[in-house]
Amino acid sequence: MSSRLKSHPHTYPAIDVAYSSTDPIHEPIIIHLPSNGLRLRFDGPDQRLRLIEVLDFSKIPLIYKNHEVVKSVKPQEQPASHAGPSFRHVYNRLFGPSYPGEYIPPADHSPYGTYVLSYPGIAFSFPLLDSAWSDQCDFVALLSSSAASPATSMAIFQGSSWSEARTRLFTAPPHYPRSPALIGKGRDAVPDEIEEVRVLGAGKIELIRRSSPPFCITLSETTPQDLIAELGPPDAIYRKNDRRISIHGAAGVARPRPISPSPGRGMDTPDTDQSSNNSITDDSDDEISPAADVDPSSLPTECFFNYFHHGFDAFISYPTTPGPAFPGSDLPDPSPPPSSSHLTVTKLIVHGNVPGSYPFNRHRRSRWKILLDSSGDCLTSETHYDEVSRRLKEVWKGSYANAAEEKALQRGMVLNRGWGDSPESSVEFLGGWEDSAGKHRSASAGQDSGHGLGNTELFGFPGLLFEVLKNGAVSCMTVY
């Protein structure tokens, strides 16, 4: 959302984003548009817009069924007031009769309390003299009197009334898809939204879709053609040959190979801001191209399919042996694939879009679950990494040759995202851990909430790699 707002600087000249630096995954995200008199509130886990607040009626035109919510005043006539519509205008001209609202007494020594008048999906706050309020009063007569002032704010939400909606404002399941393009459209018109990525282990990943059957990706078997048929063409195709840290691959340590995406033609982000997406220097060999018409037969070797609107990237390469099955699952360990010249999906990079992280706003947030056993025990994208680490260490306990090997493989690798030519939004591992026969591998991650160098740590387990911020939020998960 903020990327779309930034792409219209003349309309939205000032954008303030507020979030919890210690718990950005669970706490709401607030976007304040002071020049437009608006405040937008999003839930943390799903990053859905849950509440629109109009705080200054003079800064934005509001129309309902061809009626102005507040009659506009020409600048030369008089200075604009931030006050909103009167109760009479709301009641007689706009929305009609309503059930009684609720009165909120003043919290301080102010003579005015607040009367909240609700309609389905919309509510107005009217200042009301506390001395005039009574539980037995006729609210229509009271709000029509001189004891009430014009509305000072308006809320737009999903629900039958504000009193009913506010208790579940950030937790109620959303009724509509994120993309307006999907409302009223069939699957043949627009690819369905991915609601959740489920990691089953042994190279199997299940994509849970909003209204279509799940789509299962099997690493080193699923082809680019399969992705395009089920998910539509990618927003961009990215190829990179990063040789700067190949020394780690030679030493048997994981080698990060990132992508540096520039949001392409996402279904609902055609006007995404381009200015903050790339940090490519003259000596870089990055290649980013739009992928409106993808011919899989002409793909470069080892490229990424960037699905910005789905929240993940798929690494396209020649088949390799995927990570092992979780010890408590019913799946067998995958067998080494036969030699093949056909390209397949060998890794999936799932983005958390965590506020304060370096790649924030490049991908939609993708929610995931790691199913650890057949009973349904799982870890989620909202789980603090300390708990993720503890649980996965228990799962893979005993798979290490000895305690020294376990300790050595659980050391952290620091990734700097703050410099201009640094890896940006995804981490790709070639060689090292993945080439081992098979059980575990580690790396470590944490970021400084968008300040300083933007360092994160990488932590690895068999078949999984986590990029983690310093507050414990998982910014990116790679399944290989």
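Two strands count as paired if DSSP finds at least two bridges between them. In this predicted model, strand β3 (residues 38–42) meets that criterion with strand β4 (residues 49–54), the two running antiparallel over five bridges. Within this pairing, Leu38 stands opposite Val54 of β4. Six residues lie between the strands of the β3–β4 hairpin, where Gln47 takes a positive phi near 55°.

Strand β4 also pairs with strand β10 (residues 153–156), again in the antiparallel sense, over three bridges. Glu53 has Ala155 in β10 as its bridge partner. In a regular strand, side chains alternate between the two faces of the sheet.

## Overall makeup

The protein chain contains eight helices and 24 strands. It has 480 residues, of which 49% count as buried. Taking contacts between residues at least 6 apart in sequence, 59% join residues at least 24 apart.

## Aromatic pairs

A pair of aromatic rings is described by the distance of the centres and the angle of the planes. The model holds 18 aromatic pairs. One of them joins Tyr115 and Trp133, a tilted pair with 5.9 Å from centre to centre and 50° between the planes. The two residues are 18 apart in the chain: Tyr115 belongs to strand β8 (residues 112–119), and Trp133 to the loop between β9 (122–129) and α3 (139–144). Tyr115 has a relative accessible area of 1% and is therefore buried. Trp133, at 25% relative accessibility, counts as partly exposed.

A further pair is formed by Phe304 and Phe315, with ring centres 4.9 Å apart and planes at 45°, so this pair is tilted. Phe304 is in strand β16 (residues 303–307) and Phe315 in strand β17 (residues 312–317), so the pair ties together parts that are 11 residues apart in sequence. Phe304 and Phe315 are both buried.

Ring pairs also build a cluster, whose members are Tyr64, Phe87, Tyr91, Phe95, Tyr103, Tyr115, Tyr119, Phe124, Phe126, Trp133 and Phe139. Tyr115 and Trp133, the tilted pair described above, are thus among the residues of this cluster.

## Thr344 and its surroundings

Thr344 is found in strand β18 (residues 344–351). Its relative accessible area is 5%, so Thr344 is buried. Apart from neighbours within four places in sequence, Thr344 is in contact with Ser220, Glu221, Thr222, Thr223 and Pro224, and also with Phe315, Ile316, Ser317, Tyr318 and Pro319. Phe315, one of these contacts, is the β17 member of the phenylalanine pair.

Ser220, another contact of Thr344, lies in the loop between β13 (215–218) and α5 (224–231). Relative accessibility is 11% for Ser220, which therefore counts as buried.

Most residues other than glycine have a negative phi. Asn353 lies in the loop between β18 and β19 (368–371). With a relative accessible area of 8%, Asn353 is buried.

## Helix α7 and its cover

Helix α7 (residues 385–395) has Tyr385, Val388, Ser389, Arg391 and Leu392 as its buried residues. An α-helix has 3.6 residues a turn, so residues three or four places apart point the same way. The cover over the buried residues of α7 includes strands β20 (378–380), β22 (455–461), β23 (464–468) and β24 (474–479).

## Cavities

The model has three cavities of 30 Å³ or more. The largest cavity has a volume of about 70 Å³. Its lining consists of 13 residues, and those closest to the centre are Gly201, Ala202, Gly203, Pro324 and Gly463. By class, eight of the lining residues are nonpolar, four are polar and one is charged.

Definitions and conventions. Residues are numbered from 1 along each chain as its sequence is written. This is a predicted model: local features need pLDDT of at least 70, side-chain atom pairs count only at pLDDT 80 or more; totals for chains, interfaces and linings use all residues. Side-chain values use heavy atoms; hydrogens and water are left out. Rings of Phe, Tyr and Trp (its six-membered ring) pair if their centres lie within 6.5 Å; planes under 30 degrees apart count as stacked, over 60 as edge-to-face and the rest as tilted. Helices (H or I, at least four residues) and strands (E, at least two) are DSSP runs, numbered from the N terminus. Buried means under 20% relative accessible area, exposed over 50%, partly exposed in between (1.4 Å probe, protein chains only). On a 1 Å grid over the protein atoms alone, a cavity is a set of points where a 1.4 Å probe fits but cannot get out, and a pocket is an open set with protein on both sides within 12 Å along at least five of seven lines; lining residues have an atom within 4 Å of a point. Grid points are joined across faces, edges and corners, and a volume is the space filled by probe spheres set on the points. Ala, Val, Leu, Ile, Met, Phe, Trp, Tyr, Cys and Pro count as nonpolar, Asp, Glu, Lys and Arg as charged, and the others, Gly among them, as polar. Contact means heavy atoms within 4.5 Å.
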